[in-house]
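User: Hi! I would like to learn how to read a structure like this one, feature by feature. Could you walk me through it?

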Amino acid sequence: MNKMSLLFITTFLIHCTDSALSFYYDPQLYVPKYRDYLEAQGNLTKDLFRNYEKDVSPVYAWYDTSKPLGYDKEAPQRWNYTLFLYSLKLVEVNEPEEQVSVVLELMENDNNIYQPRLSPKTKLTDENRFFKKIRIYRNDIIDFRDQDFRLVCLDNLGMIYDYLSARVSANCRMNVARFPFDTQICQIRFSLPIFSYKEVQIFSEVYEGIQNPSAFHNMGNSEWRLVNLTNRVDFLSFQDRFDLELAVFEIKITRNPLYYFYMIVFPSFVINSVSIMGIFLKGADKMSKLNVGLTNIMTMTFILGVMSDKIPRTGSIPLLGVYIIINLLIMLAAIFVVMMITKLRRWALPILKKKKTPMSRKLETFIGSPLEYTCAVILELITCANFFVMIGFWIDDQETVSAEAST
């Protein structure tokens with residue numbers, strides 16, 4: 001019995017030992033080639049950063065700013081700095097302040113560390129190497145992520161690749177003449193303002209994978225659609241040593257007018273149409289008709305106030321404002337017509353009754369209910385025409401957006 005128990009315990013311990021070893025043993029950590037790789041990377045890192053000062057800018061700045069670019073043949077070429085955009089998301093468009101906010105996924109690319117820093121014994125291969133960002137000098141764009149844990153990539157040519165996420169707010173001069181069917185073009189600019197164009201050459205690139213309509217659809221938000229994204233490099237000249245280059249990413253966005261259509265355009269049309277019928281309602285007294293008209297005017301004025309909070313204070317009248325003002329004028333015309341018809345009847349009916357001719361009888365009949373109905377129909381037709389003009393702008397806007405998306 002003791003032997004059986006001892007055998008059972010021994011078997012159990014062997015099984016537990018095998019399980020523990022299989023749990024803690026990671027085969028790739030004990031592969032000789034992997035250990036050689038880690039050792040080589042460690043030696044390369046030590047050799048690479050032996051004489052490297054991360055607090056010293058690698059930009060060559062021994063230039064005489066009064067002389068033209070390239071006068072010094074012994075000097076190195078300008079320091080290349082590239083911004084590569086591979087993702088963009090529109091966050092907010094603040095129309096009153098003429099400001100647009102976007103989240104950018106960028107890659108910075110520059111020749112920060114050079115091969116001459118390496119010793120002759122160091123072997124360079126084609127693989128990329130990754131280091132913490134805090135070990136390398138960078139011209140920072142503010143990143144969402146913790147700076148201490150970001151990585152940068154170094155290739156065998158001494159080029160640094162740094163991936164970052166940034167929220168950028170840029171001023172965007174807005175043209176709201178076609179509001180809410182407007183299209184805005186905004187520019188997001190980057191520069192290294194402490195270096196002139198003679199010291200730094202800036203490049204901008206956009207990833208081809210986001211240059212398509214399906215990607216543009218995901219870059220907008222619920223109110224704005226992104227229809228185009230381009231890039232270029234502009235030259236900003238002050239006619240002195242501070243002339244510099246700008247990496248420019250230009251976005252073209254168009255507004256989704258559906259919200260304003262069912263919240264302002266259509267309700268205004270319904271309110272105006274019903275108010276016109278109320279003003280020319282047969283049997284209503286003069287004060288009741290006047291109350292209907294004044295209520296409509298107050299409503300249109302309130303809608304104008306709501307709209308004014310959504311757009312910048314510009315010198316042009318927005319299309320939606322023109323639509324509301326026309327509705328307001330139609331209502332003022334309806335009130336004026338009702339008052340004039342009342343005065344016309346008081347003045348013309350006694351005269352027509354005295355003449356007693358066929359024409360006077362027809363005129364006497366016409367200035368009664370038929371005249372009110374005729375004026376009501378005319379004003380209703382003008383209201384409908386004003387509404388259908390807005391629908392026409394909406395259809396044209398949708399066709400324009402579809403055409404730009406297809407191209």
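Predicted model: local features only at pLDDT ≥ 70, side-chain atom pairs only at ≥ 80, totals over all residues.

User: Is V322 buried, partly exposed or exposed?

Analyst: The general idea is that under 20% relative accessible area is buried and over 50% is exposed, with partly exposed in between. V322 has 33% relative accessibility, so it counts as partly exposed. It also belongs to a nonpolar surface patch with I317, I325, I326, L329 and L332, and together they have about 470 Å² of accessible area.

User: How do I read a loop residue? Where is V176, and what does it touch?

Analyst: Look at the place, then the cover, then the contacts. V176 sits in the loop between β5 (160-171) and β6 (183-190). Its relative accessible area is 1%, so V176 is buried. Beyond residues up to four places away in sequence, V176 touches D182, Q184, I311, P312, T314, P318 and L319. V176 and S316 are 140 residues apart in sequence, while their C-alpha atoms are 7.5 Å apart in space.

User: Now helices. Why does the length of α4 agree with what a helix should span?

Analyst: Count residues and compare with the end-to-end distance. Helix α4 has 22 residues (258-279), so at 1.5 Å a residue it should span 32 Å; the end C-alpha atoms are 30 Å apart, which agrees. There is also a bend of about 25° at P267. Among the buried residues of α4 are Y260, F261, I264 and V265.

User: And salt bridges? How many does a search of the whole structure find?

Analyst: The search finds nine. One of them pairs E245 with R78, where the closest N and O atoms are 3.8 Å apart. E245 is in strand β9 (residues 244-255) and R78 in the loop between α2 (32-48) and β1, so this pair ties together parts that are 167 residues apart in sequence. With a relative accessible area of 14%, E245 is buried, and R78, at 16%, counts as buried too.

User: Which residue forms a salt bridge with D396?

Analyst: That is R178, with the closest N and O atoms 3.6 Å apart. This pair links distant parts of the chain: D396 is in helix α8 (residues 369-406) and R178 in the loop between β5 and β6, 218 residues apart. Salt bridges can share partners as well: E95, D182, E223 and R255 are joined into one network that way.

Terms used:
Residues numbered from 1 in each chain as written. Heavy atoms only, no water. Helix = DSSP H or I, 4+ residues; strand = E, 2+ residues; numbered from the N terminus. Expected span 1.5 Å × (residues − 1). Bend = angle between axes of the 7 residues up to and from the residue. Buried < 20%, exposed > 50% of the residue type's maximum accessible area, 1.4 Å probe, protein only. Patch = residues over 30% accessible without salt bridge, like charges linked within 9 Å, V, L, I, M, F, W, Y side chains within 5 Å. Areas by Shrake-Rupley, 256 points an atom, 1.4 Å probe, with all protein chains shown as cover. Salt bridge = Lys/Arg side-chain N within 4 Å of Asp/Glu carboxyl O. Contact = heavy atoms within 4.5 Å.
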